[in-house]
Amino acid sequence: TPLATLTPIPAGAGNHGSVAWATNGRRVFATGTNRIGDGQRVVRAFDPDSGRQLAAWPASTDTIMDLQALPDGSVAFASGDSTLGILDGNGHRRLRQSPPNPDHRDNFDAFRLSPGADRLSFLHQTWRDERWQGEALNFDLRRLHLSRAADPDAADPHELAAPLRDGLPVGDWRNTTRPTLNGKLLKLDNYEYARSLAIAADRQHLALGADWYIRWYDADGFDRWEKPVPGAAWLVNVSADGRFVVAGLGDGTIRWYRTRDGSEALALFVHADARRWVVWTPEGFFAASPDGEDLMGYVLNQGRDKEATFVSSGQLRKQFYRPDLIAKRIDGDEAAIAAAVAQVGDVRHILADSLPPEIELLSKDEAIVDGDYELKLKITPRAGGIGRVLLRKDGADQETGRDVPIGGIYSQRLNYQPGEYKLSVAVYNAGDRIPSESRTIKLTVRGAAPPKPRLHVLAVGIGMAAYSDNKLATPGVEFADRDARAFVERIAGQAGNGRLYRAVTTRLLTSRADTSLQAIEKALADIPFETGDTVVIFLAGHGKAVDGKYNFLPADLALENEDSIRHAAFTQARIESQLRRFGSGRALLVLDTCHAGA
């Protein structure tokens, strides 16, 4: 027999799918999809004896999936958009972890697409400062550039098309379970709601976005394919060339699906801050803003008795950071991506067999020392084995040992000049392909201030006349030697006043003999570097990306094919190896070449 009935909520306010008793039994909390005027979902508190509602507290902008009453009278909640929070007994917010993703709901006409699906614009809507805020953003897959609609280099809005919703008689498609075409029901799963619609330019197909799937129908209503989605498909659009359905999903991502079979081609995530972003292929190749590569990753289950492992795309950067492949995917150049997969593998297969080791920092993560600091790690191998230790000081790679006992302890004594340093340490798997999660250390070395460092400037300028291969003697590098000379003069002139450096050394390489690969590497090796010095390296001439990696082309390179670049250029691997020598100081690399962004 019911003891009490809670005061009913006005019709249309939404359901109460989650209920929790206060630990003292004097209140009942209820929440779900029920909301107030500004769209916020609320947690309602009731008196269980009278059934009277005591309060309604705004908590989240999405469906609240679960409630947990806490012993102090507060209540914790979690919502569908990953908002987490705690409300105290008076409804005041003690904690709120806002979602990192934007909200794509209802912005149909703002979701605009170029004919080839390589550019799009969308309303980036987030809940900030207790209100909804939105700004129009553009993303260009070829330039890998995020911009605001008001930016001078933003896409012309007239070149981008909103979703078509006429040309086929589609009815009841918005927020219903019974959408129709020509008066006949379109296939949905039980209890699934349709959310968005886009009709193809040829009027022979339509895309329907729903809670659990994106579906592609022909003009007769036949379901050609259905693709599961990780969040409700709030927005869909179809490229005018008919190749892609592009969808804005409930997890904040925007994804490209091929109309021929529904397979996913690309995914884009723009953080709620409208600044950081990452775009990736299902094979794992990605590009990202400078601080966006850790926004995406892979969750790997480790069995019922152990927490899952998360591997961020940043950990995969060495093998899978391939900005060049994003445009190739949108162009349909699958041969380039197949070649990359053949070279490094598919991330979905690699992670299953190549997990990096687990590491535990045994030394202090905050340390103040008068001399040396001993770094100690416990390393536990997993499926991928153990490779080299990756140590960085203030972001710069440091030299480390290679002999790591399996399942044992790694130890390295570090000696730095007085100052404050941020260290990070990780351990690669075998083959040095994927590093473990990093551990950070805040290190303070006490002592008298060190003497002023020295500055070393090396500038390489390879002009047209210096290249031995006529194919490289092109106007694009006609000023490279003069640029290098001007760079040296400017840097040395500004730094030579004695305020920052006790001495400045410079070297300029511009002749054919001085700018061969061997001569460049020897000049770098000859820099009289000492601990704490600063090194500035300037490279001007031809640059070329091969396999997504940067290469500086020396004067003696014979340009025959990509293999000649791989073997005879000043490759990214060679550059990184040279920079690692200066890890105990500061190094600045300036690339004045094509493909420097690689």
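## Start at helix α8

Select α8 itself, residues 572-580. Its buried residues are Gln572, Ile575, Gln578 and Arg580. Keep in mind that this is a predicted model.

## Step back to the whole

The protein has 598 residues, and 50% of them count as buried. Its secondary structure comes to 8 helices and 42 strands. Along the principal axes, the C-alpha atoms fill a box of roughly 90 × 65 × 45 Å. Now consider contacts between residues at least 6 apart in sequence: 52% of these join residues at least 24 apart.

Which residues line the largest cavity? Select Leu524, Ile537, Leu539, Phe570, Ile575, Gln578, Leu579 and Leu589. The structure holds 1 cavity of 30 Å³ or more. The space inside the largest cavity is about 30 Å³.

Colour the lining by element. α8 gives the most, with 3 residues. β38 (534-540) and α8 each supply at least two. Then colour by class. The lining has 7 nonpolar residues, 1 polar residue and no charged ones. Two residues from the first stop, Ile575 and Gln578, are buried residues of α8 and also belong to this lining.

## Asp397 in strand β32

Next, select Asp397. Strand β32 (residues 396-398) holds this residue.

Show the side chains of Asp397 and Arg392. A polar contact of 2.9 Å joins them. Leaving out residues up to four places away in sequence, Asp397 touches Arg388, Leu390, Leu391, Arg392, Arg580 and Gly583. Arg580 is one of the buried residues of α8.

## The nonpolar cores

Move on to the largest nonpolar core, which has 42 residues. Which of them touch the most other members? Select Leu206, Leu208, Trp256 and Trp277. Strand β23 (residues 264-270) supplies the largest share of this core, 4 residues.

There is a second, separate core of 40 residues. Select Leu472, Ala480, Leu509 and Leu517, which are among its members.

Go back to Trp277 and show what surrounds it. Leaving out residues up to four places away in sequence, Trp277 touches Phe139, Leu144, Leu146, Leu268, Phe269, Val270, Ala287, Ala288, Ser289, Gly292 and Leu295.

## Arg329 in helix α2

Select Arg329, in helix α2 (residues 324-331). Is this arginine buried or exposed? Arg329 counts as buried because its relative accessible area is 2%, under the 20% cut-off.

Show its side chain. A polar atom there lies 2.8 Å from the backbone oxygen of Ala265. Beyond residues up to four places away in sequence, Arg329 touches Phe244, Arg258, Ala265, Leu266, Thr281, Pro282, Glu283, Glu334 and Ile337.

## The second largest pocket

Now for an open space. The second largest pocket has a volume of about 1100 Å³. Which residues lie nearest its centre? Select Arg41, Asp62, Thr63, Arg105 and Trp234. They are part of a lining of 44 residues.

Strand β10 (residues 119-128) gives the most to this lining, with 4 residues. By class, the lining divides into 15 nonpolar, 16 polar and 13 charged residues.

Finish with the backbone. Most residues other than glycine have a negative phi. The next two selections have positive values.

Select Ser82, in the loop between β6 (75-79) and β7 (84-87). Its phi is near 75°. Ser82 is partly exposed, with a relative accessible area of 38%.

Then select His595, in the segment after β42. His595 has a positive phi of about 60°, though it is not a glycine. At 38% relative accessibility, His595 also counts as partly exposed.

Methods
Residues are numbered from 1 along each chain as its sequence is written. This is a predicted model: local features need pLDDT of at least 70, side-chain atom pairs count only at pLDDT 80 or more; totals for chains, interfaces and linings use all residues. Side-chain values use heavy atoms; hydrogens and water are left out. On a 1 Å grid over the protein atoms alone, a cavity is a set of points where a 1.4 Å probe fits but cannot get out, and a pocket is an open set with protein on both sides within 12 Å along at least five of seven lines; lining residues have an atom within 4 Å of a point. Grid points are joined across faces, edges and corners, and a volume is the space filled by probe spheres set on the points. Ala, Val, Leu, Ile, Met, Phe, Trp, Tyr, Cys and Pro count as nonpolar, Asp, Glu, Lys and Arg as charged, and the others, Gly among them, as polar. A polar contact is a pair of N or O atoms within 3.5 Å; within protein, one must be able to donate a hydrogen and the other to accept it, and residues adjacent in sequence count only if both atoms are side-chain atoms. Contact means heavy atoms within 4.5 Å. A nonpolar core is a set of buried Ala, Val, Leu, Ile, Met, Phe, Trp, Tyr and Cys residues joined through side-chain atoms within 4.5 Å. Buried means under 20% relative accessible area, exposed over 50%, partly exposed in between (1.4 Å probe, protein chains only).
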